[in-house]
Each structure stands twice: as C-alpha cells, then as structure tokens.
Amino acid sequence: MEQDTESLYLVTTDARCIDESMGQYLDDYLDGTLSRDDAEKFEAHLCRCLACQADLSNTINLFAALEASRDSIAADETRKARSVSHGK
Ligand SMILES: [Zn+2]
C-alpha cells in the first residue's frame with residue numbers, strides 16, 4: 001500500500017453512505033451554504049451514517065492540517081523552499 005498522506009489522522013471505514021442524496025450535502029454543510037432546513041436534515045443523517053461521520057472528520061482534519069502547514073510556511077519560508085518534495 002502506498003503511504004503518501006503524511007501524518008493525517010484519517011478515519012477509514014468500510015461503511016457506505018446510507019443515503020447518498022444526503023451525503024452530497026457534506027461539502028455545502030461544511031461551507032455553511034446549506035439552508036437551515038437542509039442542514040438539519042443533514043445533521044439527522046449524520047447521526048446515523050458512519051460514512052458521512054468519517055468523511056466529515058477527515059475533512060475537518062484536512063482543513064486543520066492545511067491551516068497548520070500554512071502557519072508553519074508563514075513562520076519559516078526558507079525551510080519550505082528546501083522541502084517542497086511532497087508538493088501536490
Ligand atoms: Zn451519509
């Protein structure tokens with residue numbers, strides 16, 4: 001298996017979204033662009049759907065990792081220039 005995700009705390013699960021018409025709301029939910037009605041529906045779905053719970057926490061972890069790397073890049077530009085080997 002390839003391992004190219006550094007040290008992110010990704011949740012892996014075999015669970016599948018129990019209702020993909022709800023699962024597609026995930027991005028909008030995170031963006032805060034869902035209507036209140038849809039957000040409530042999605043949260044209700046989230047309580048029952050392991051796949052979306054995993055997705056949600058993975059996405060949050062990714063955002064946190066991005067934030068963290070942005071901070072350290074700002075703090076140390078020179079080191080960044082020397083270690084761009086893992087660029088995407
Ligand atoms: Zn789901």
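Glutamate 43 is partly exposed, because 13 other C-beta atoms lie within 10 Å. The classes rest on C-beta atoms placed from the backbone: a residue is buried if 20 or more others lie within 10 Å of its own, exposed if 12 or fewer, and partly exposed in between. Glutamate 43 sits in helix α3. Its C-alpha lies 10.0 Å from that of tyrosine 25, 18 residues away in sequence.

This is a predicted model: local features need pLDDT of at least 70, side-chain atom pairs count only at pLDDT 80 or more, and totals for chains, interfaces and linings use all residues. Residues are numbered from 1 along each chain as its sequence is written.

**Confidence**
- The mean pLDDT of the protein (the predictor's confidence in each residue, from 0 to 100) is 83.
- Of its residues, 77% reach 70 or more.
- Confidence is highest in helix α3 (residues 36-48), at a mean of 96.
- Helix α5 (residues 77-82) has the lowest mean, at 62.
- Where pLDDT is low, the predicted coordinates should not be read in detail.

**Architecture**
- The protein has five helices and zero strands.
- Both are DSSP runs numbered from the N terminus: helices are H or I with at least four residues, strands are E with at least two.
- Along the sequence, the pattern reads α-α-α-α-α.
- Of the 88 residues, 10% count as buried.
- Two residues are in contact if their C-beta atoms, placed from the backbone, lie within 7 Å.
- Among contacts with a separation of 6 or more, 64% join residues 24 or more positions apart.

- Methionine 22 belongs to helix α1 (residues 20-23).
- Methionine 22 is buried, because 20 other C-beta atoms lie within 10 Å.
- Beyond four places in sequence, methionine 22 touches Lys41, Phe42 and His45.
- Leucine 46 is 24 residues from methionine 22 in sequence, and their C-alpha atoms are 8.8 Å apart.
- The largest nonpolar core has seven residues: Met22, Tyr25, Leu26, Tyr29, Phe42, Cys49 and Cys52.
- Such a core is a set of buried Ala, Val, Leu, Ile, Met, Phe, Trp, Tyr and Cys residues joined through C-beta atoms within 7 Å.
- Cysteine 52 contacts Cys17, Gly23, Leu26, His45 and Leu46, leaving aside neighbours within four places in sequence.

**Helix α4**
- Helix α4 (residues 50-75) has 26 residues and should span 38 Å at 1.5 Å a residue.
- The expected span is 1.5 Å times one less than the number of residues.
- α4 is hardly covered: two of its 26 residues are buried.
- Alanine 65 lies in α4.
- Alanine 65 is partly exposed, because 16 other C-beta atoms lie within 10 Å.
- Tyrosine 9 is 56 residues from alanine 65 along the chain, with 9.4 Å between their C-alpha atoms.
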